[in-house]
Amino acid sequence: MMRSRMRVSLGVALGAALLVAGAVAPGVSTAPTAAAASPDAAASPGPSSTASVTARAADVSVTAKISLPAGSSVNGSITGTLTITHDGTSSSMKSGRITMVDPDNRELLGESFVAGGAADTWTSTVPLPADAAPGVYQVSLDARVAITTDEGVTEVPIRTQTPISVPFRALRNIPLIWTSPSSAPAGSTISVHGAANVRSLGTGEYEPATGQEVKLYFDPEGSAPETLRATLTTDSRGYFTSRQKPGASGKWRAEMAQTDTGARTVWTITSAERTRSTTLRQGQVRVTQGGYTAGDHLMTHDVVVGLAPVSRRVDVGSLNFSMGGMSGFVSAESRRGEGSYPDGYRMQRELVHAGIGTSHVTLTFNPTLPAGVYDIGIRDAMKACAAPDWDGLDGGTSNCTHDVLVEDPTVTTLVVKRASSTTVTASRTSLPAPGSVTLSGGVRKVQLVSGGGAQERPAPNTKVEIYFDPAGSAAPVLKKTVTTGSNGNYSTSVSASATGAWIAKYPGTSLQAPSQASVNVTVG
């Protein structure tokens with residue numbers, strides 16, 4: 001038998017339609033006592049939807065309440081709970097069940113009410129077909145309850161005259177959400193990935209949520225406000241991805257609106273941005289193998305090395321929907337030979353996997369290694385993710401089983417320079433009026449020495465640029481260029497006509513890092 005497909009809220013329906021059998025006889029009345037949660041509330045995780053009505057029959061007062069779960073907790077069946085309060089001494093269930101009509105107009109019969117574990121409480125479970133659709137279900141109730149009083153037993157039939165309309169929606173889960181990588185040098189471009197799926201009401205299995213809009217927000221650390229960074233659409237696999245330059249550490253928030261087939265979903269993840277003082281270097285490599293594509297994004301920055309070793313981290317983030325395997329390495333190979341390494345130098349370090357889509361290595365440089373350009377490469381046995389298998393996987397992790405070897409010795413570069421230092425002093429730092437000032441100083445460089453090793457030594461015959469930076473917002477101006485003597489020192493006279501900073505700058509070379517120093521001179 002098909003029920004009416006009248007669409008009313010649970011509260012209104014129960015308040016108006018949950019009757020005791022005596023309602024057709026004189027002297028019996030019904031009155032609604034509570035309203036249920038709204039359809040939106042029924043669609044989201046949280047308390048079950050409930051409604052109740054109070055009636056009298058043969059001097060027995062009964063309040064009957066039915067509770068149904070939120071759609072998010074439905075898995076293979078829907079269990080309704082009937083609870084009554086009365087002015088008798090005890091109660092028992094004589095017979096009864098709930099029935100439903102699903103969105104496809106199929107009648108679903110519930111099992112007989114059984115004791116619910118508490119006094120005056122019973123449950124009836126309605127099995128769902130495997131293809132149960134999310135949407136509005138019409139719920140009907142037919143039960144007969146016996147109430148014991150001091151004067152005997154009164155049977156109270158309870159039934160609905162109008163079906164109760166209850167919305168059930170599958171809950172979207174987000175089993176994969178990550179930034180790739182999770183930590184990167186300042187200024188890097190990272191990927192923000194996610195995967196959405198819809199859980200079946202009938203079987204509890206998952207399938208991709210395709211064509212769904214996802215809004216991506218970023219909330220940087222500090223007082224800056226959260227901003228909308230992208231509006232995305234999930235693909236046929238339920239995936240979405242966005243390339244982003246955060247500009248700071250902070251929290252990413254992705255939001256998927258509520259639809260007829262899923263509750264509103266919000267999730268967050270953080271990414272970290274590390275400070276840097278040298279040029280950012282980054283590159284990508286993709287490989288297609290057996291019809292599946294995987295790839296990595298490498299991020300690092302240049303190295304200035306003094307007499308102590310310097311470590312530099314290379315961050316590796318997976319591109320698209322692929323992830324690094326359990327083995328792999330990053331290599332660094334010098335393009336030139338120098339000192340104890342006449343044919344150049346090559347190092348490689350095993351990848352450290354720090355989560356889905358994120359790996360890194362740490363490279364250590366010392367001043368005796370060749371300076372100049374190093375090619376940064378990778379060898380990564382990756383897993384490429386095709387249409388995911390969401391079912392039966394611990395934590396909902398995607399089934400990425402397609403092996404792709406990503407290998408490229410020159411994904412990006414890294415430049416190693418030896419440190420230098422520059423000094424400057426002024427013969428006078430305060431002048432009552434414009435006049436002449438002598439600037440003196442020197443340049444020292446970290447250099448290889450014969451017999452091995454490195455030392456910081458004076459830099460003879462080295463160009464030094466002299467700038468004047470006036471007080472205020474005006475930019476520094478190059479005034480002259482001088483050359484250090486055989487002892488690495490210089491001295492020059494300048495005309496100081498205004499207050500400001502005098503800057504001595506060694507511009508550096510392809511192998512030597514620049515350096516500078518300044519002195520303030522006040523005029524007037």
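Colleague: Why is R336 called partly exposed?
Modeller: Its relative accessible area is 28%. Under 20% is buried, over 50% is exposed and anything in between is partly exposed (1.4 Å probe, protein chains only), so R336, at 28%, belongs to the middle class. Bear in mind that this is a predicted model, where local features need pLDDT of at least 70, side-chain atom pairs count only at pLDDT 80 or more, and totals for chains, interfaces and linings use all residues. Residues are numbered from 1 along each chain as its sequence is written, and side-chain values use heavy atoms, leaving out hydrogens and water.

Colleague: What makes E338 and R336 a salt bridge?
Modeller: Their side chains come to 2.8 Å, N to O. The cut-off is a side-chain nitrogen of Lys or Arg within 4 Å of a carboxyl oxygen of Asp or Glu, so the pair qualifies. E338 itself counts as buried, at 17% relative accessibility.

Colleague: How many salt bridges does the structure hold?
Modeller: There are 19 of them. One joins R106 to D131, with the closest N and O atoms 3.0 Å apart. R106 sits in the loop between β6 (90–101) and β7 (107–109), and D131 in the loop between β9 (121–127) and β10 (135–149), so this pair ties together parts 25 residues apart in sequence. The strands are DSSP runs of E, at least two residues, numbered from the N terminus.

Colleague: And what does R281 pair with?
Modeller: R281 bridges to D302, the closest N and O atoms being 2.9 Å apart. R281 is in strand β22 (residues 280–289) and D302 in the loop between β23 (292–301) and β24 (303–305), so parts 21 residues apart in sequence are tied together.

Colleague: Is D302 buried or exposed?
Modeller: D302 counts as buried at 8% relative accessibility, whereas R281, at 23%, counts as partly exposed.

Colleague: How do you know that H360 is buried?
Modeller: Its relative accessible area is 14%, so H360 falls under the buried limit. H360 belongs to strand β29 (residues 358–365). Beyond its neighbours within four places in sequence, its contacts (heavy atoms within 4.5 Å) include R313, D315, E350 and V352. H360 and E350 are ten residues apart in sequence and 8.6 Å apart in space, C-alpha to C-alpha.

Colleague: Where does pLDDT stay under 50?
Modeller: Residues 1–47 are one such stretch. pLDDT is the predictor's confidence in each residue, from 0 to 100. Residues 390–396 are also below 50. The chain's mean is 85, and 87% of its residues reach 70 or more.

Technical notes:
Helices (H or I, at least four residues) and strands (E, at least two) are DSSP runs, numbered from the N terminus.
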